Amino acid sequence: EKYGVDQTRFFLMSEVTFGSDGDFSDNAMIRKVNANLSNELGNLCQRVITLVFKNCGKAVPAEVQPFTEEDEELLAKARALREKAGKEVANQAIHKYAEAMINMVGDANKYIDDMAPWVLKKTDPERMETVLYVLMEVLRHTAILYQPLIPSSANKILDQLSIPEDERTFDHLETSPIQFGASIGKAVGVFPRIEVPEPVEA
């Protein structure tokens with residue numbers, strides 16, 4: 001109740017090696033969840049959905065330009081994530097599965113900062129739409145593959161991406177991309193930031 005079920009699952013599975021003892025502290029929990037979930041994944045999702053909602057007619061872009069080398073590189077990483085995660089699970093290295101997910105989100109955050117779709121809005125709106133579509137597709141892969149670790153939160157992200165409930169299995173990763181023109185709603189925060197309690201003065 002203190003931190004949330006998904007947040008606790010994420011911390012334990014990302015910080016504790018399967019079959020080994022692990023250390024838990026409130027400070028470590030707060031730092032990990034705020035950094036990897038609130039600041040990185042949650043913020044990425046909110047930025048992308050907000051930009052699409054405001055600049056693409058409250059819908060997934062209806063069409064995209066040919067992908068650039070940077071687009072293809074990020075999409076390739078997302079497509080390779082299932083195999084990578086599967087290998088870590090087969091080796092009972094759940095913490096490395098979580099690490100692969102964290103790294104994927106890090107790559108997506110670097111891409112959005114490099115591409116700066118908020119600038120492209122004024123200079124090249126068609127390129128902006130392509131960048132946002134790429135990010136939505138990467139978020140789809142990430143959220144589907146995050147379901148075993150943070151099931152409730154991952155599905156909240158998929159809801160915001162307008163992914164049908166019957167297209168959220170691993171088998172749909174390659175067969176059911178984000179649908180052009182699908183309506184989306186306003187961004188909703190998925191990972192509230194955990195506030196660090198103030199020390200009590202004696």
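Predicted model: local features only at pLDDT ≥ 70, side-chain atom pairs only at ≥ 80, totals over all residues.
Close-up 1. C45 is buried, its relative accessible area being 2%. From the sulfur of C45, the closest cysteine sulfur is that of C56, at 15 Å, which is too far for a bond. A disulfide requires the two sulfur atoms to be within 2.5 Å. For C56, in turn, the closest cysteine sulfur is that of C45, again at 15 Å and too far for a bond. C56 also counts as buried, with a relative accessibility of 12%. Over the whole structure, the search returns 0 disulfides.

**Close-up 2. N34 and its contacts.** N34 belongs to helix α2, which covers residues 26-55. With a relative accessibility of 5%, N34 counts as buried. Its side chain reaches the backbone nitrogen of I194 at a distance of 2.8 Å. When neighbours within four places in sequence are set aside, the residues in contact with N34 are N39, R193 and I194.

**Close-up 3. The aromatic pair Y133 and F180.** The model has a count of 2 aromatic pairs. In the pair shown here, the ring centres of Y133 and F180 are 4.7 Å apart and the ring planes are at 25°, so the pair is stacked. Y133 lies in helix α6 (residues 125-146), whereas F180 lies in the segment after α7 (151-160), so the pair ties together parts that are 47 residues apart in sequence. Y133 is buried, at a relative accessible area of 7%. F180 is partly exposed, with a relative accessible area of 44%.

How values were computed:
Residues numbered from 1 in each chain as written. Heavy atoms only, no water. Buried < 20%, exposed > 50% of the residue type's maximum accessible area, 1.4 Å probe, protein only. Helix = DSSP H or I, 4+ residues; strand = E, 2+ residues; numbered from the N terminus. Polar contact = N/O pair within 3.5 Å; in protein donor to acceptor, adjacent residues only side chain to side chain. Contact = heavy atoms within 4.5 Å. Phe/Tyr/Trp six-rings, centres within 6.5 Å; stacked < 30°, edge-to-face > 60°.
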